[in-house]
Amino acid sequence: MPSWPEKTKYISKSTLRIDAPEKVTGRAHYASDIQAAGWLYGMILRSKWPAATISAINLEKTLQVPGIKAAITAKDLPQTVRFYGEEIAAVCGATKQACLDALRAIEVTAHALPFAVREDDAKKDDAPQVWDGKPNVSVSARGSREQGAVDQAFPECAAVIEGFYTTPVQLHNPMETHGNTVSWTDDGLTAWASTQAISASRDGFAGPLKLDHSQVRVITNFMGGGFGSKLNGSVEGVLAARLSREAKAPVRLMLTRFDEALAVGNRPSSFQKIKIGALADGTLHAFELDNYGTPGISGGDVELPQPYIYKVPNSRVKQAHVAVNAGASRAFRAPPHPPASYAMESAMDDLAAKLGMDPLELRLKNDSNEVRQREYKIGAEKIGWKEKYQKPGSSPGVVKTGIGCAGAAWGGGGASKRTQGDAQINPDGSIEVRLGVQDIGTGTKTVIAVVAAEMLGLKPEQITVKVGDTNFPPGPGSGGSTTCASISPTVFDICANALQQLQTQSGIADARGNNWFAACKKLGVTPLVVHGQWQQGDPSRPLSSSPAYGVQFAEVAVDTETGLVTVKKIVAVHDCGLIIDTLTLESQINGGIIMGMGYALYEERVMDDLSGVVLNPNFETYKLSGIGDVPEIEITLLNMPERGVIGIGEPATIATAGAIANAVFNAIGARVYSLPITPARVLAALGKVPPFTAVKP
Amino acid sequence: MKNTEPEKIGAHSRRAFLKSLGTVAATAATAQVQSVAAELEKANAEKTVGPGAVPVTLTVNGEKLELMLEPRVTLLDAMRNYSSLTGAKEGCDRATCGACTVLMDELPVYSCQKLAIEAQGREITTIEGLAQNGKLSPVQQAFWDRDALQCGYCTPGFIMSVTALLKKNPHPTPDQVKHACAGNLCRCGTHPHIIQAALQASGAKVTSKTEVIHA
Amino acid sequence: MKAFEYATALSTDSARELVAGNGAYLAGGNDLLGLLKEYLVPGPDILVNIKSLPGLNRIERGENSWIIGALVTVGEIERDPEIAKVFPGLRDAASEIASPQIRNVATVGGNLSQHSRCWYFRHRDTVCLKKGGDLCYARNSENRYHSLFTGNDCISPVVSSLATTFAALDATAIVLRDGQEARMSMAGLYQKAWKEVAAHNSLNPGDLVLRVEIPTARSRSAYMQASDKHAFDWALVSCAAAAEVVDGKLNQPRVALGSISPVPHQVEAANQFLEGKTLDDATASQAADMILAGATPLEHNGYKVPMALALIRRTLLKLKGEA
């Protein structure tokens, strides 16, 4: 039965990213770089009201702006707007400047409605309803569960702690904004999309435009990041297509950075009241969670898988969605694990402190997962846990150092079983492998080249890889950390089929490696085209599987006078089954950690409750981890070939915030309960901020 | 975009060109002035142009780009939308992310926050201008070797910042690399590899500390 | 941005003439283009490029004072080896401003005259007091970045770290106003922002910052700031200190705070207290308390008080360390 070779030349080694040359020279064309002949610039007008009824949109003056070729409304009127930034209208024209002028000439008649943009405001009994007739708060049945006898169990505990841990709404903010360049042809619509899912993108055009799927072609050769926000069809794509159809010209419509904060998804917030207790020897005994969070006007991922990776015999979990007048949530890298891990791991360290126990010991006692047990031990040694661990707050001096850790599990990994692909092998020995997946920066193209090279006995440079076209055999969207585990067995299958046919046609028993060119030559003039699809392989040694785990340790220095948190080092120990390429894997883990650090220390979407706007729709005040903030990162990879290929994108980001938060607690001996852990919050936790009393005028 | 064809400078004499722009100082063409750009500036100084499109000549990667642009068009906009220089990217259009970084007279600047019309006469270098005869520059090669990129969108900006750094400081410390790249954002998290790439391009030996344990 | 005309001025007279209608000076362009892209200011109808004005981009090194032209860039200040020796605080302030790309075009004049960074002022859809509306949103909502001291209903602080440092160095800005040179201390340059809701500084339309004169009397200077991030992040609080040190004692000491008041915040009593003192923790802390006396924290910016106290102490003690 098929399984990965035991001895490998490329798999599990380091291979350079094959599309780097295009990226480092500027030759890589993203959706925003496509310059179709006669293309027009497109732009969207968004609601400046967080809630309103729009009764009229006058486009007369707009159409008179020089250079403007088309102007449309986004929806039929009357339109009920439910968040600041909702799409109202769109224009296209010869230049960006014309479009800017045109947007300002659109006249909108709106009746403003009351709104609530903060969770605590929306929860109030007299809060304006985000959806007519529907309460803002809805208890989640599937997020609520009970096990054992929690109320009896708490009094039995030797130590109990309570904490109110909160996480903010986080914005994906990929470097390339959302958008498409679209062009109508006789066959239908072609869209160069910045998407993580060309198939879903195609569906997103076909439906609203009333086209057959075969009439829509989506192309994504390069895209500038998504992190979950670009997994579906898009409002902006359909608007671009409608504009293009009316203007009879291709339209490039990319969102602005401002737009990204409003309307293309986010990670829901969480407000987690946790109570957790343990017996004297540290065994977890009782757990209670009351959580609410907002997915904006709608969306998922509010429910948290608590008590995350720990088994507690007596537990009660209650969770609720709170609707607010803000953009809907979308899947965001490992939803909803980062907030779950952050709060759970923080509670564990708080509990350890109450018990007077080393928090690593508490974990090893309560986390039975064999893989994580190994990973904790490796990581502890690398960070120097034994030498460095001291009781919370006992670090001397003004700048206090501390260490912390947290663990992860990502069960959603695995494979999309319907992945397919093909390869064309030419008589000159050149080979082109084609899959309808997309490389969102993870190194998908390189993975394909590595697997094909391995299986065919060639070099990765000899494999031409084509992805990102709905004309290719279908593959999954790049989400859930499933891509690598989907395409690797598929390419394995393609190569197996290719060799079989090549060997049959050429009469050469083994067409790999040195025999490759001779075997191909025997094809004569006709290339060989073979198909392949995902297969499991030998169940005892599958080609891919799930889940993946991972643990991370953080070492921080906290300036107790300025509140500044400096992450000095992250030690990350990860498993992802069979490693395909250590180099791109390392990049993925770096990326997950740095994003997790941003979640821990800098990122927060801020809503203004007076006006209902997003206050920080820019990189000035929505702060991403910068190169000056990035710590030393030391990575240990556990290669587990017997488990087959598993994805890493999401496991890499789950534990970071918890590890950092715990390191801060360990350093200063005081818990900052809310992310991001800003200097303001550190100083408050240290008791240095005088309580605010409103000054009477 | 659609360049409504400007009058080409080409075969015209300088005097004729300046005359065609309607300046009264056409006689300046015969004065001893270094470059066309400087002449233009002197001749056109204090002459109000716009708000409609006017001829703007940009020197990018050693070549002249002759465009018709409104004064409010930024350098980034001019490159990406009025010509085919799409290497510099638009990440924010607000001078906060660095994806649009180009070199202007060897200094890294945000092309999104510079008007094209005032970038005339300056030597502009973009990502497209680094490779020589198809050969990658040492910085480009180092980015490839150290996998200092993922989605690649921030990459041209970072490469320009690192290139400028190494020209001024051929052997930077990691802290100096961080200082030079502070104006470039990356969402994929390539920073550790970018620091490695900059050091490697400077000739320093760089090794990865990643350990692979075969379970 | 709205459409505008464009011209390059070759003399201060023609520059003034060209902006007279409804024009704006274009130097580095960072602040101006940012305002225009969000349509935060009316017009302007014309942008006047002032980077070719003669004589404004020089650094003149005199015995008793230096002159830094308004068109000198922040990057040039950062890189100047002599400024690093004579005004180390100025060099440190410059090196932390924004990012390298911004420093390469940002000018001294532009940095001093930049508009408020309050996120309500900068937001295209909130018409705050400063923009002529009738509500200061920040007072009642998100005010974590705002002032501890206010002279009017607007609580937006001055953010120019050059202004803070020039204040500590007792520098004077020379501004061309109606064809005459006007001399303004840093306090004077921002006094109007203290008094008037709509003002960002004391400059009138048409005023042109020409240069800054810095006395060399204080051979020691230091600058520090505290931010959320380690780089490319506005200061939450910034502090500059300058003094001469004679026989281990402070001579002509000045301490200024930025990002906590519409003007660079100085307390004369604290400067006087420090005069003649030997610098140590206790003295520095006492001075810090005097400087923060009377601070009125808002709901979300109370952290700036302990932060400022610490920064003042550290910045003063840094003066000791200067060789």
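**Exercise 1.** How many bridges join E5(C) to strand E8 of chain C?

*Solution.* The model is predicted; local features need pLDDT of at least 70, side-chain atom pairs count only at pLDDT 80 or more, and totals for chains, interfaces and linings use all residues. Residues are numbered from 1 along each chain as its sequence is written, chains are lettered from A and ligands numbered from 1 in the order in which they are written, and side-chain values use heavy atoms, leaving out hydrogens and water.

Step 1. Strands are DSSP runs of at least two residues, helices (H or I) runs of at least four, numbered from the N terminus. Two strands pair if DSSP finds at least two bridges between them.

Step 2. Between E5(C) and E8 (residues 208-215) of chain C there are five bridges, and the strands run antiparallel. Here C:Ile68 stands opposite C:Val212.

**Exercise 2.** Describe how strand E4 of chain C is joined to E5(C).

*Solution.* Step 1. Three bridges link E4 (residues 59-61) to E5(C), running antiparallel.

Step 1. The two strands form a hairpin with three residues between them. C:Arg61 in this pairing faces C:Trp66 of E5(C).

**Exercise 3.** Why is strand E5 of chain C largely enclosed by the rest of the structure?

*Solution.* Step 1. Buried means under 20% relative accessible area, exposed over 50%, and partly exposed in between (1.4 Å probe, protein chains only).

Step 1. E5 spans residues 65-69, and four of its five residues are buried, so the strand is largely enclosed.
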